[in-house]
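New notebook page. I want to get my bearings in this protein before anything else.

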Amino acid sequence: MRAATRSAIETAGVRVFARHGFAAANIRQIADEAGISVGSVYRHYASKEDLFDELLEQASTGLSAAATQLSSGGDPSDLIGGFTEVYLSDLAGEDGAAEFFMVINQGFTTDAPAGTARRLAVTQQTLWKAFAALVRRGQVEGRFVGGDPDRMTAYYFALLSGITTMRHALNDELAEPDVDLILRILTGGAER
């Protein structure tokens with residue numbers, strides 16, 4: 001029961017933080033969203049900062065796992081294509097991934113508790129470096145267009161961030177993005 005309550009609080013926290021932003025969110029809203037008492041939230045988390053930090057720690061773990069996968073030495077097109085497919089599939093699902101990605105974005109600008117934003121940024125940089133290395137390898141192999149791999153990586157993730165924001169705002173009204181279309185920023189128009 002304790003694990004189920006904690007999970008409900010985390011799910012509610014993601015929804016409330018995504019909807020209202022960290023600064024405007026409060027424990028009462030999170031408790032109401034979870035369908036539990038305020039006291040139950042405080043039994044698991046001392047503050048909204050602690051809950052937010054836990055959510056961002058989960059995000060850091062996921063980003064690290066993605067960086068490890070992208071660094072596995074496989075085919076650049078397959079690894080980036082697979083990463084993109086998983087991201088978009090998660091985004092299209094009903095499990096709150098769009099909200100969770102919105103909370104991650106807030107984590108970069110909300111340093112609560114202190115050090116949270118820096119920790120998240122370091123993990124994101126590891127992911128971006130692994131991605132840029134794949135872009136560089138794809139360029140050497142003649143499969144990706146020329147250009148600065150770091151900038152191409154930034155554009156790719158900016159595109160995913162924009163799609164995430166639109167998915168959160170429009171929900172089902174947003175047409176499901178096409179993996180091959182997104183990858184064309186790297187391949188110069190060629191399909192996988």
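**Overall build**

I checked the size first: at 192 residues, a compact globule would have a radius of gyration near 16 Å, and the protein has 18 Å, which agrees. That radius is taken over C-alpha atoms, and the globule rule is 2.2 Å times the number of residues to the power 0.38.

What I have is a predicted model, where local features need pLDDT of at least 70 and side-chain atom pairs count only at pLDDT 80 or more, while totals for chains, interfaces and linings use all residues. Residues are numbered from 1 along each chain as its sequence is written, and side-chain values use heavy atoms, with hydrogens and water left out.

I looked up the extent next: the C-alpha trace spans about 60 × 35 × 30 Å along its principal axes.

Of the 192 residues, 42% count as buried (under 20% relative accessible area, 1.4 Å probe, protein chains only).

**Helices**

How many helices and strands are there? I found nine helices and zero strands (DSSP runs, H or I of at least four residues for helices, E of at least two for strands, numbered from the N terminus).

I then picked one pair. The axes of H4 (residues 48-70) and H6 (residues 97-107) come within 10 Å and cross at roughly 105 degrees (lines fitted to C-alpha atoms over the stretch in contact, angles from 0 to 180 degrees between N-to-C directions). That makes H4 roughly perpendicular to H6 (65 to 115 degrees). Among the residues making the contact are Phe52 and Leu55 of H4 and Phe100 and Val103 of H6 (heavy atoms within 4.5 Å).

Notes: Angles under 35 degrees count as roughly parallel, over 145 as roughly antiparallel, 65 to 115 as roughly perpendicular and the rest as oblique. Buried means under 20% relative accessible area, exposed over 50%, partly exposed in between (1.4 Å probe, protein chains only).
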